[in-house]
Amino acid sequence: MSLLKDAQKGITAEQIEAAAAAEGVAAEVIRQGVADGTIVVPCNPAHKGLKPMAIGKGLRTKVSASIGLDSKESTVAYELEKLQTALAAGTHAIMDLSVTGDMDGARRAILSASPVPVGTLPLYQTIAEAGRKYGSALKMTPEQMLEVIERQAADGVDFMALHCATTFETIERAKNEGRIDPLVSYGGSHIIGWMVHHKRENPLYENYDRILEIAKKYSVTLSLADGMRPGCLADSLDGAQVQELIMLGELVDRARQAGVQIMIKGPGHMPLNHIKNTMTLQKSLCQGAPYFVFGPLLTDLAVGYDHINAAIGGAISSWYGAEFLCYVTPAEHIGNPDVVQVRQGVIAARIAAQAGDLAKGLPEAVRWDLDMSNARRDLKWTEQIKLAIDPEHAEYIRKTRNEGEISTCAMCGKFCAMKIIAEHMHIEKHSC
């Protein structure tokens, strides 16, 4: 089954119908977007219990939360707790970025428990398995990379991040750029290390047609990642990043010709004044493919507060065209997030998404904010709590507020701004 090919033939698949209903738009809007590649609906039929969701142009900005086994102390049970926390906070997708332990077991458990699309980065598992089997990730083979991709696809993974455009040409350009922080991508650095060690081109690039065959067979959406993404503001929009975007654009075209849905996963660090240019460049070079951005982070100094940092970057990126935000937690750069930080990351990203959608004038986003404005005007406290992005936290704040600061007017019986002004000016009487 190829959702893309069917859409191009004018066929509206049931997954598109379901995604349109969830989005609150006509199914034809989603079908046409899938057909021209500006919208993707990640939906592997082997992912049982999945509620299809659309990502792309003209739709609400979506949020993804990353979880996964990351140390010897990690347990599948705790990652499932993170999953439930992320879902409760309103994430639209999950990425299992496990790098150790029982990765097959963790992935299958996450797929079984997740009603939202699940993505992976298959190279992480290939690296770990090669390390266990051979003692070094440098000894992994192209066949092992492809085997892990197909294994994960068969399990039901809906979208996969792959560093297919990190080529020797890109590496050489990075060398000439004199980057401050040459490599920050975990998968990208390992694939580059393999290439340099074996003096061979990127096997994910060389075997791209085989990857497309697997993706089409299992209806997996590709999320091509940039191995040369800037890891600090000083490296933003350098030649290596742009060169890789050019390569990614070529791979987008090949994927669409093969009937495979595709989006691009983008940079993590950039100064605010680079956001518009970055989004414009990606949309141009990658032919309007949905952009899945990591943050982005607008300063390198917000250690411990990078969820706020990323929310600012995500809001502006959404405004200029990004359609999918990878959450960032307060633990970014200094540790692995716990369940509390997972929730903080999702909420921050959802605030960014709503702000971006408002700037784009999306009707549902505008209506949601207007409903809150009306509830505030009418002092409907319960309604305000219900409308909040995080009702649970809003209710907590309401219950713990200082009741003495609420000024109720004896004349009108309401929270009265005129009464507050009169009190501050020491006026005994006022007009409501």
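Guide: Two residues are in contact when heavy atoms of theirs lie within 4.5 Å. Among such contacts between residues at least 6 apart in sequence, 71% join residues at least 24 apart. The model is predicted, and local features are considered only at pLDDT of at least 70 and side-chain atom pairs only at pLDDT 80 or more, while totals for chains, interfaces and linings use all residues. Residues are numbered from 1 along each chain as its sequence is written, and side-chain values use heavy atoms, with hydrogens and water left out.

The protein contains 19 helices and ten strands; these are DSSP runs numbered from the N terminus, a helix being H or I over at least four residues and a strand being E over at least two. Its radius of gyration is 23 Å, close to the 22 Å given by the globule rule for 432 residues, so the protein is as compact as a globular protein of that length. That radius is taken over C-alpha atoms, and the rule is 2.2 Å times the number of residues to the power 0.38. Along the principal axes, the C-alpha atoms fill a box of roughly 85 × 50 × 40 Å.

The domain assignment, which is automatic or comes from a database, gives domain 1 (40-361) and domain 2 (379-425). Their centres, taken over C-alpha atoms, are separated by 42 Å.

Of the 432 residues, 54% count as buried, meaning under 20% relative accessible area, with over 50% called exposed and the range in between partly exposed (1.4 Å probe, protein chains only).

Is Gln-354 buried or exposed? Its relative accessibility is 9%, and therefore Gln-354 counts as buried. What does Gln-354 touch, leaving aside residues up to four places away in sequence? The residues touched by Gln-354 are Ala-365, Trp-368, Asp-369 and Ile-389. One of these, Ala-365, is eleven residues from Gln-354 in sequence, and the two C-alpha atoms are 6.4 Å apart in space.

Thr-170 lies in helix H8 (residues 168-177) and is buried, with a relative accessible area of 0%. Again leaving aside residues up to four places away in sequence, Thr-170 touches Ala-165, Met-228, Ala-240, Gln-243 and Glu-244.
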